[in-house]
Amino acid sequence: MKEERCVRAALLCLGVLCCSQGLHGHRDRGKEGQLLHRSKRGWVWNQFFVIEEYTGPDPVLVGRLHSDIDSGDGNIKYILSGEGAGIIFVIDDKSGNIHATKTLDREERAQYTLTAQAVDRNTNRPLEPPSEFIVKVQDINDNPPEFLHENYHANVPERSNVGTSVIQVTASDADDPTYGNSAKLVYSILEGQPYFSVEAQTGIIRTALPNMDREAKEEYHVVIQAKDMGGHMGGLSGTTKVTITLTDVNDNPPKFPQSVYQMSVSEAAVPGEEVGRVKAKDPDIGENGLVAYSIIDGDGMDMFEITTDYETQEGVVKLKKTLDYETKKSYSLKVEAANVHIDPKFISNGPFKDTVTVKIAVEDADEPPVFLKPSYIFEVKENAASGTVVGKVHAKDPDAANSAIRYSIDRHTDLERYFVINAEDGNIKTIKTLDREEMAWHNISVFAVEVHKQHQEAKVPVAIKVVDVNDNAPKFAAAYEAFVCENARSNQQFITISADDKDDSANGPRFIFSLPPEIIHNPNFTLRDNRDNTASVLVRREGFSRQKQDLYLLPIVISDGGVPPLSSTNTLSIRVCGCDGSGSLLSCNAEAYVLNAGLSTGALIAILACIVILLVIVVLFVTLKRQKKEPLIVFEEEDVRENIITYDDEGGGEEDTEAFDIATLQNPDGINGFIPRKDIKPEYQYLPRPGLRPAPNSVDVDDFINTRIQEADNDPTAPPYDSIQIYGYEGRGSVAGSLSSLESATTDSDLDYDYLQNWGPRFKKLADLYGSKDTFDDDS
């Protein structure tokens, strides 16, 4: 190899190195006889080449640069610049020889661009224009082929035809594909024959054997080689591994491993219970191996069924109906197993199904008693006497021994112990009186136990309906309270009533409403049966008075439709109320009505009696005060101030002595006009309505009070609460004038009470009282 590289380098240098012709000046004469000078280019060469990976002891000569103006005297200096100049490529500045000082790799860099120039050695003046040239790295076969993947995985269906494409593997070579055969690859198979082959130029792997069976061998390992130099001697190579898996197709039918299956089941088994399992083997996998089971024949087709367990691919035989050993002791089934999915390509391998015989033996079991019915429903009338027979349950032992049966009631279902059962014959009786209105249904459970085998028992539900009898009389559906207006019209309906009956509908409605015979001709009210289980109460006469009677009690008889019918008398309370013109309720209070109408004579007498009693008490109190021996004069001024209570109003003078003169209460200053209130600030002026104020000298207490009430109710300036009326004036008619000091600007010490001596005997007590104080002051 070393000698081959040296020869190729020498040939390359000889082929590419050329010397340029000398640059001479030709002296030609022109037409005018003058000399013409023509310049010729000084550099002439081809591309330079250098072989990669050269490992000789001396630098590789790439080529030589020479200018035709170089006379060999050493005055010309050659300069090299460009890619790799001075590092990879060096030049002898005298001879122009170029050498490569380092080993080159074409796969790293395929060519270098350099610039050469000839200059005067002394002055460095360029003698020729610079010129570029290319040094190409010549490729050698130094890179083996490499596959894209170290390992490949591929699938191909089993039983594929010969030549079926499996996968294509691809290798690459880093050498120059344009030079020689260094990158020309050829594929071959090293392992995997005779099952597979590979195309030499494309690397496509194909099947080489027909009818490869996945069930015989599923996975194959193939080794593929790629070799350069067209596969010739001396070429480099690379390999890869390909794992090829045969995928499954449905080419195998299911097969039972045996022709007959033996199974057994107890007669005590319940429907849905598993009896046994069968399995047909199918070497295929996935959906190709799915098997469905069915019963296609046999005397047990009605008693058994089969389902498919797709996880285990087994057929599960289950009980469909209850078995009886005493009736039939064995059954036979013909079971078929068939593939779910069929591949038409391999239908000739079929049929893809198989059958097997399943024999099932019924085993005798010690069974519990069996009731003749799954449940019982009985009826009994309410209020039936204790010991009344409700019904009878019956159970038997299904075994051949036919053991005796004993019955009992599950007391958890009959906590109140309404019923009892005869342990021998199963008769159920009452031991308490039943009331349908309390409980219409009784749901109990009855046990049946074999006498000699207490652990064998059965249980049956028994529903007992309590039949209704007419034992409840109808009553009002609600607590009615009726109201009738004083101005009610004759035959006016004022309430509708209905009834309720605790009995069943057969003994309840239809209800009949009526008045008792003794008040059938009631002068106040009458009753009308609406024939829809309601009745209307009507007014028979006009005009009611709360003063005479404000409450009426009307008895109403209600009868039901039972056999025999029951009835009850219910009392309706009817209250007399005041209503407006439209019939709307205003008030049902009799006392309020009396006050609005005016005070009666009895009320006035009672008021006068109270006033007389109060006057007598006041007289007695004054008399007792006069009989006391304590001095009436208070000597200490502090005591007088502490005991005198001052009021900011005065009495009405002598006119107050007339106890019932109502004119005294009237403000003589406000008769002809309205006096506004002083305790609040009115929002607007209130004008009294004409006709409401009584005459000044009227003594009708009734009219006066009613007038004042209406004024207070209609006064928008009045507060929204009851208050004492305050009259802002003093009484007139006293001959002595006013005693009030409210408007006096003087103090107590400035007042002179001597004028009291001139007022007469009525003011003697006051004159003595204040005069004594003055006398006492003078004496002191």
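This is a selection-by-selection tour of a predicted model.

Residues are numbered from 1 along each chain as its sequence is written. Local features need pLDDT of at least 70 and side-chain atom pairs count only at pLDDT 80 or more, while totals for chains, interfaces and linings use all residues, and side-chain values use heavy atoms, with hydrogens and water left out.

**Whole chain**

Start with the protein chain, which has six helices and 43 strands (DSSP runs numbered from the N terminus: helices are H or I, at least four residues, and strands are E, at least two). Of its 780 residues, 33% are buried (under 20% relative accessible area, 1.4 Å probe, protein chains only; exposed is over 50%, partly exposed in between). Among contacts (heavy atoms within 4.5 Å) with a separation of 6 or more, 66% join residues 24 or more positions apart.

**Threonine 240**

Select residues 237-247, strand E18, and pick out threonine 240. Threonine 240 is buried, with a relative accessible area of 2%. Show its neighbours: leaving aside residues up to four places away in sequence, threonine 240 touches Phe147, His149, Glu150, Asn151, Tyr152, Val222, Val223 and Ile224. A polar atom of the threonine 240 side chain lies 3.0 Å from the backbone oxygen of histidine 149.

**The four-strand sheet**

Next, display E35, E37, E40 and E39, which form an open antiparallel sheet in the order E35-E37-E40-E39. Its edge strands, each pairing on one side only, are E35 (475-476) and E39 (525-529). Strands count as paired if DSSP finds at least two bridges between them. E37 (residues 493-500) and E40 (residues 534-539) run antiparallel and are joined by five bridges.

Now select E41 (residues 551-559) with E38 (residues 512-514); three bridges pair them in the antiparallel sense. Here serine 514 faces valine 557 of E41.

**Helix H5**

Finish at residues 701-714, helix H5. At 1.5 Å a residue its 14 residues should span 20 Å, and its end C-alpha atoms are 20 Å apart, which agrees (the expected span is 1.5 Å times one less than the number of residues). Which residues of H5 are buried? They are Phe704, Thr707 and Glu711. These cover an arc of only 65 degrees around the axis, so they lie on the same side of H5 (the arc is that of the directions from the helix axis to the C-beta atoms). An α-helix has 3.6 residues a turn, so residues three or four places apart point the same way.

Technical notes: Polar contact = N/O pair within 3.5 Å; in protein donor to acceptor, adjacent residues only side chain to side chain.
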